[in-house]
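Please keep the sequence and the structure in view while reading the points in turn.

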Amino acid sequence: MKAEFPQNFVWGAASSSYQIEGGVAEGGRGVSIWDTFSHMPGKTKRGETGDTACDSFHRYKEDVAALRGMGLKAYRFSVAWPRVDPNGDGQWNEEGLAYYDALVDELRRSGIEPYLTLYHWDLPQALEDKGGWQNEDTSRAFAVYVAKMAEHFKGRVRFWFTINEIACIVKLGYGTGEHAPGLTLPLEGQFTCWRNVVYAHCLAEKALHEADPANQVGFASTGRLCYPVSDRAEDIEAARALTFACPDDDWTFTHQMALDPICLGHWPEPEVCGPRLAACISAVPEHIQAALAYGKPDVLGLNIYNGVPVRMGAQGPEYVERPAGYPRTAIGWPIEPECLNWGVQFIAQRYGLPIYITENGLSCNDRIYLDGKVHDADRIDFLTRYLLALHTAIGRGADVRGYFHWSLTDNYEWNNGYSERFGLIFTDYTNLQRIPKDSAAWYAAVAARNGIEE
C-alpha cells in the first residue's frame, strides 16, 4: 500500500548560508553576528565556528549534484546578507552577488527550483553595532536588501521566504543569549525585536510583490504545536487551545505571535496573552500596525521537529508528561510524528494558506561504517513516521504543497558546532568529502514515486 501525495507535490532539501558556506573572509563578504559570536570563548561547543563549515562557497556544484542525484526538484537555501551587502547599507558586493548567480544558474540548469530564504540569522555585524533588531532601522535596511535581491533575481527566483524562525532570532539571540548576538533582554526588549522583525517581513513582502507580482512569498515559522493524546473532541480542542496560547513565560515559540499579525492583520487577543505581553502589543507603533496590511504571505513555511502532548483535564487544557524512556533524537528532541498531523491541521485551519514544510528531520549519531557507507536506519524510520502523519493531515484538508528535508548535508549546527548531524549527505569534516547516507537513496525513492510505501 502506498501513501501517495498530491500531484505536483514538491520534494526538496534545505540548508542555510552560515551553516554550509564557509569562505567568511572571501569574496568581499562582510562580518556577520555569527562570525562575531562563534569566536567568543565559551559560546559554541568546542569553540567551533562556521569559518569553513561545509565549504559550499567553493563546493556548491557538489551540493547541487547531490540534489540532482536524488532526483529532487527544489532546494531551499539562504543568502548571507553580509555576503551581498557587507555592512547592511546598500553598498552591494558584486562578488557576493556573482556567487549566488552561479548557484541559482547551476540549480536551474539541473532542473531544480530555487526557494530562496532572505534571512537565516546572519545579520551584518555593522547593523548589530547600531542596535540590530532592537533598532527599527534594521527593518528598513532589510527592505532595501530584499528589494535588491528581488530585482537581481527577477525571472530566475520565483519562490521566496523572507524570515526564518523569528522565535529563534528573538528568544535565543536576544532573550537567552544562546545564539548570536548573545543578548539577554527582558520580555519588553524581546518584543521590540519581535515587532521589528515582523515589520521587516511586511516591508520585504511589499518589495517582492512590487518587483514581480508573480513572486510567491512565504514566511518560515516555528513554534509550539500540540497534539491530542486521543481522538476525543475535547482533547483535540485542548490541543488547539494550547497551540495558540501566548503566556508571558512561553510566547516566543508560538506560531501565532508572527502569523496572526502578518496573516490576519492583528496580534493575538489579550485573553490568550500574559499581561506583560498584552501591554507590549497594545503599544505597537501605528506605522508598524499599518504595515500589517501588506504583510500577508502567499504561502506559509513551517519548520516542525516535535510537538507537545495535550488533553482536556478537570481544570481545562493541560500538558501531558511524556512516559519514561520516550524516544528522542541524538540532540535530545522528542520523536512525535503526530505534530506533523495535528499541528499542520491546526495551522491550516487557522490561516487558510498553502503550506510548505520548510524544515523537518533529525540529528542522528551517524558515522562511516567499515564498508565505507553511512547507514542511518533511525532517520529512515523517523521520516517514514513523520511523512505518514503529514499524509494524514493532507487527507484531512490541509493544503500542503511541498516538503523540504532538513538538511541536505550535515552542517554547522549553531551553538552545537559540528556535533549534530541532520543531513541526507554525510560531511566528513576532516576532508569535506560528501557521502550519501542510506536515507538519501530512500528519500530519492520517495520523491520518485511521490509517496511512502507502507
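**Pockets, strands and loops**

1. The lining of the largest pocket consists, by class, of 14 nonpolar, 12 polar and 9 charged residues. Here Ala, Val, Leu, Ile, Met, Phe, Trp, Tyr, Cys and Pro count as nonpolar, Asp, Glu, Lys and Arg as charged, and the others, Gly among them, as polar. This is a predicted model, in which local features need pLDDT of at least 70 and side-chain atom pairs count only at pLDDT 80 or more, while totals for chains, interfaces and linings use all residues. Residues are numbered from 1 along each chain as its sequence is written, and side-chain values use heavy atoms, with hydrogens and water left out.

2. How much space lies in the largest pocket? The space amounts to about 760 Å³. Of the 35 residues lining this pocket, Cys 168, Thr 222, Phe 253, Tyr 305 and Trp 333 are the closest to its centre. Helix α8 supplies the largest share of the lining, 3 residues. Grid points are joined across faces, edges and corners, and the volume is the space filled by probe spheres set on the points.

3. The second largest pocket holds about 290 Å³ of space. Its lining comprises 19 residues, of which Leu 362, Cys 364, Asn 365, Ala 377 and Asp 378 are the closest to the centre. This lining divides into 8 nonpolar, 4 polar and 7 charged residues.

4. Strand β6 (residues 216–221) is mostly covered, as 5 of its 6 residues are buried. Buried means under 20% relative accessible area, exposed over 50%, and partly exposed in between (1.4 Å probe, protein chains only). Helices (H or I, at least four residues) and strands (E, at least two) are DSSP runs, numbered from the N terminus.

5. Which strands pair with β6? Strand β5 (residues 159–164) runs parallel to β6 and is joined to it by 4 bridges; Phe 159 stands opposite Gln 216. Strand β8 (residues 299–303) is also parallel to β6, again with 4 bridges, and here Gly 218 stands opposite Val 299. Two strands pair if DSSP finds at least two bridges between them.

6. Strands β13 (residues 425–428) and β14 (residues 433–436) pair in the antiparallel sense over 4 bridges. Thr 427 has Arg 434 in β14 as its bridge partner. The two strands form a hairpin with 4 residues between them, and Leu 432 in the turn has a positive phi of about 65°.

7. Helix α5 (residues 94–109) has 16 residues and reaches 22 Å from its first C-alpha to its last, close to the 22 Å expected at 1.5 Å a residue. The expected span is 1.5 Å times one less than the number of residues. Among the buried residues of α5 are Tyr 99, Tyr 100 and Asp 101. The buried residues of this helix pack against α1 (17–20), α3 (56–69), β3 (74–78), α4 (81–84), β4 (113–119) and α7 (136–152). Gly 111, which follows α5, has a positive phi near 75°.

8. The loop between α8 (166–175) and α9 (187–211) contains Pro 186. Is Pro 186 buried or partly exposed? Its relative accessible area is 48%, and therefore Pro 186 is partly exposed. His 179 is found in the loop between α8 and α9, but is buried, with a relative accessible area of 7%. Beyond its neighbours within four places in sequence, His 179 is in contact (heavy atoms within 4.5 Å) with residues including Trp 34, Phe 37, Trp 121 and Trp 414.

9. Two cis peptide bonds deserve a check in the viewer. One runs from Ala 180 to Pro 181, with omega near 5°, and Pro 181 lies in the loop between α8 and α9. Another joins Trp 406 and Ser 407, with omega about 5°.

10. Trp 121, in the loop between β4 and α6 (125–128), has a positive phi near 85° although it is not glycine. Trp 121 counts as buried because its relative accessibility is 6%.

Methods: 1 Å grid on protein atoms, 1.4 Å probe; cavity = no way out; pocket = protein on both sides within 12 Å on 5 of 7 lines; lining within 4 Å.
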